[in-house]
Amino acid sequence: MSDPALHPCFLGPYGENDALLEKLVVEFLRDHVYWRRNFHPEDPPAIPTHAAQAPCFMAFEARLRRELHALSAALKRSVPFHSPRYLGHMVSDLLIPGLAAQMLTLPYNPNNVSEEAGPVTIELELKVGLQLARMLGYPSDPVRRDCAFGHLTSGGTLANYQALRLALAMKAFPVALRAARVPLSEVPQDDWQAFNLSHDATIALLARYQDWLAELPPGDARHWRERIVEERIETLGLLGFFARHPQLKPPVVFAPVTAHYSWSKGLKLVGLGREALRLVPEAGMRTDPTALGELLDAALRERQPVLMSVGVLGSTEFGTIDPIDALVDARDRMQARGLGHWVHVDAAWGGYLATLFREPDGGLRPLADLRADYAGFPSDSVYAAFAALPRTDSVTIDPHKLGYIPYGAGAFVCRNHHAIGLLDESADYVFAAAGGDDFFARHRALGRFIPEGSKAGAAAAAVYVTHQVLPLDHAHFGLLQRQTIHSAEAFRAELACFAAAQAHRVRVREPYPADCNLVCVALNPVGNRDVATMNRYVRTLYDQIRSDPGAPLQLREFFASSTTLDPQLLGPTDTARVLAELDLDPATLDPDDTDADRLVILRHTLMNPWLIDRENGISYLARYFDFLARRL
Ligand SMILES: *Cc1c(COP(=O)(O)O)cnc(C)c1O
């Protein structure tokens with residue numbers, strides 16, 4: 001059912017809510033102007049009131065208009081993300097609350113680098129961090145000592161990078177305390193232990209250290225601070241740090257084969273190098289917990305430190321959800337055996353699906369209640385993955401994906417806000433506990449903790465207002481996410497009909513059952529056994545549904561995306577299964593031929609709220625498959 005609660009949320013495929021958006025934009029632009037005028041009303045207008053009649057003004061306006069018309073015309077070649085005919089990438093229409101809040105905020109131009117430049121929007125950004133923490137099930141009451149902390153980034157890529165930086169800082173700090181010979185019994189006895197302390201033990205050590213420092217005479221405290229700063233990995237760099245601790249190897253990162261390429265970028269950026277990224281074999285495009293367990297065992301045996309294991313909550317290419325519960329279980333098990341590591345969840349895509357699992361009072365929604373809304377969602381393993389989020393160490397979420405917020409809004413959230421102090425650029429926080437115990441005061445100098453410097457306060461306003469209008473639980477924001485799951489279920493039903501009706505012509509398979517709202521489809525003409533031929537066939541089909549900057553938009557009936565299945569990443573079992581399902585001859589897979597070294601498949605992102613248009617009795621999903629049938 002098209003939920004009436006969603007009707008006011010978007011501008012709409014037809015611009016249905018133009019009056020609402022226009023009213024808001026004009027009202028708040030005027031409001032901004034009054035604010036300027038009322039700042040010091042005694043100041044006369046600096047731009048003369050007759051300026052607009054001057055020839056140079058008119059010439060300027062003419063040039064401006066010409067360029068804006070040119071821009072506006074050019075933008076008509078944009079990808080029609082708003083349309084229910086768009087099933088391509090991870091983007092759809094924008095929520096009016098976010099769009100209006102962003103436009104409202106732009107002329108104030110707040111900068112969330114510091115309180116001085118963005119006094120209002122910094123506060124909103126810190127609150128967004130708490131809103132997201134609550135959605136995940138992290139402690140989100142800022143008066144609690146163990147409250148979580150989150151901030152916005154330009155996107156998921158930077159949030160993942162922030163996770164790497166923070167995990168490394170947490171791992172290396174106890175080693176620095178040891179190297180500086182801090183006389184506290186809590187400081188571990190050897191470097192291996194110090195480098196493998198648990199998240200909670202590191203936080204406790206940090207707190208103990210701060211208390212100890214606070215009691216020293218100021219001169220002694222300064223001396224100790226300097227000694228420790230000298231030993232920190234942030235001072236020494238990887239080279240210097242590991243040269244001083246030859247018994248420690250630089251750590252590795254375990255990530256699933258579905259990991260987004262931001263992980264490769266991130267490892268290059270922190271200086272560990274891509275070689276430190278170790279891919280964990282998959283089972284059904286999800287981390288195989290047994291394989292992860294073996295890799296961790298081997299790491300312990302070889303005294304190979306592990307920085308983190310990454311779980312993906314909604315993989316970019318397949319929408320599959322890793323067993324986060326198994327990842328945190330493995331972390332706890334290995335911790336007990338002396339191998340400590342961080343569990344980070346890359347939920348850039350699937351993060352907002354957590355709203356479906358959240359009651360308005362903040363509790364976890366019971367599985368039975370949740371299931372009543374769907375044909376088959378969520379599977380037991382998906383439910384267990386979301387239920388385990390509170391046990392993870394940090395999470396990446398992209399408001400500019402399933403949050404329906406304008407680019408660039410990503411977010412990083414860590415379970416305990418004390419951790420973030422370790423990233424303070426002034427290096428003093430750890431020691432001074434800047435801002436004391438007040439959560440907001442402590443974090444207002446946001447620019448000192450984040451990878452970016454200057455950062456749009458308007459983005460924070462957009463995310464905050466959206467979360468206020470649509471709270472992050474199943475009864476509010478979750479209605480939107482529910483629609484995406486319903487769309488995916490409807491898509492799969494249409495897919496099954498399509499596959500049956502076309503069985504005489506083409507084999508149609510879903511290579512991996514979708515966990516959420518992203519569905520991939522493989523197609524192979526009946527009788528064909530050759531991988532390269534199938535790839536050509538799918539590419540020809542894809543040519544008609546991809547966005548083509550050179551062709552008029554209206555010639556396109558539908559948009560989808562494509563991806564590939566790489567046997568190198570798939571592993572032999574899944575490769576054999578997929579080839580058999582498609583009736584392909586394994587001998588025709590050729591690692592040396594770029595046309596035949598992998599399988600090309602179609603990929604569909606089902607986040608547009610109007611894919612099933614009840615108002616007019618149209619299913620764009622059924623139409624999409626009709627369209628495909630005509631093109632086969
Ligand atoms: C999109 C995505 C990213 C990268 O996010 P950006 O916002 O594009 O930087 C990282 N991880 C996953 C799983 C993603 O889907």
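**View 1. Strands S7 and S8, joined by 5 bridges, run parallel to each other.** In this predicted model, strand S7 covers residues 306-312 and strand S8 covers residues 342-347. Within the pairing of these two strands, Val310 stands opposite His344, which belongs to S8. Strand S7 also pairs with strand S3 (residues 252-256), again in the parallel sense, and this pairing extends over 3 bridges. There, Val253 has Met308 of S7 as its bridge partner. In general, the strands of a sheet pair through backbone hydrogen bonds, in either a parallel or an antiparallel manner.

**View 2. Strands S7 and S8 are viewed here for the burial of their residues, with 7 of the 7 residues of S7 buried and 6 of the 6 residues of S8 buried.** Because 7 of its 7 residues are buried, S7 is largely enclosed by the rest of the structure. Strand S8 is likewise largely enclosed by the rest of the structure, because 6 of its 6 residues are buried. From S8, the residues Trp342, His344 and Asp346 point one way, while Val343, Val345 and Ala347 point the other way, and all of them are buried. In a regular strand, side chains alternate between the two faces of the sheet.

**View 3. An open sheet of 5 strands, with mixed pairing, has the order S1-S13-S14-S12-S11.** Strand S1 (86-87) and strand S11 (506-509) stand at the edges of this sheet, and each has a single partner strand, so one side of each is left without a neighbour in the sheet. The pairing of S11 with strand S12 (residues 518-525) is antiparallel and runs over 4 bridges, and Val508 is found opposite Leu523 of S12. Helix H18 (residues 477-501) packs on the sheet, where it touches S1, S11, S12 and strand S14 (599-605), and the direction of H18 makes about 10° with that of S12. Helix H19 (residues 531-543) packs on the sheet as well, touching S11, S12, strand S13 (559-565) and S14, with a direction that makes about 30° with that of S14.

View 4. The crossing of H18 and H21 is right-handed. On the side of H18, the contact is made by Ser487, Ala490, Phe491, Glu494, Leu495 and Phe498, and on the side of H21 by Leu621, Ala622, Tyr624, Phe625, Leu628 and Ala629. By kind, the residues of this contact between H18 and H21 divide into 10 nonpolar, 1 polar and 1 charged.

**View 5. Helix H5 (residues 156-179) and helix H7 (residues 199-215) have axes that come within 10 Å and cross at roughly 45°.** This angle makes H5 oblique to H7, and the crossing of the two helices is left-handed. From H5, the residues Met170, Phe173, Pro174 and Leu177 meet His199, Thr202, Ile203, Leu205, Leu206 and Tyr209 of H7. The residues of the contact of H5 with H7 divide into 8 nonpolar and 2 polar, with no charged residue among them.

**View 6. Cis peptide bonds join Phe377 to Pro378 and Tyr407 to Gly408.** For the bond between Phe377 and Pro378, omega is about -10°, and Pro378 has its place in the loop between helix H13 (367-371) and helix H14 (380-387). For the bond between Tyr407 and Gly408, omega is about -15°, and Gly408 is found in the loop between strand S9 (394-397) and strand S10 (410-414). As background, most peptide bonds are trans, and most residues other than glycine have a negative phi.

**View 7. Met285 and Arg303 each have a positive phi, although neither residue is a glycine.** The phi of Met285 is near 60°, and this residue has its place in the loop between strand S5 (282-283) and strand S6 (286-287). With a relative accessibility of 4%, Met285 counts as buried. The phi of Arg303 is about 50°, and Arg303 lies in the loop between helix H11 (289-301) and S7. With a relative accessibility of 46%, Arg303 counts as partly exposed.

Terms used
Residues numbered from 1 in each chain as written. Predicted model: local features only at pLDDT ≥ 70, side-chain atom pairs only at ≥ 80, totals over all residues. Heavy atoms only, no water. Axes fitted to C-alpha atoms, helices over the stretch in contact; angles between N-to-C directions. Parallel < 35°, antiparallel > 145°, perpendicular 65-115°, else oblique. Left-handed = near helix turned anticlockwise from the far one by under 90°. Contact = heavy atoms within 4.5 Å. Nonpolar A, V, L, I, M, F, W, Y, C, P; charged D, E, K, R; others polar. Buried < 20%, exposed > 50% of the residue type's maximum accessible area, 1.4 Å probe, protein only. Pairing = 2+ DSSP bridges.
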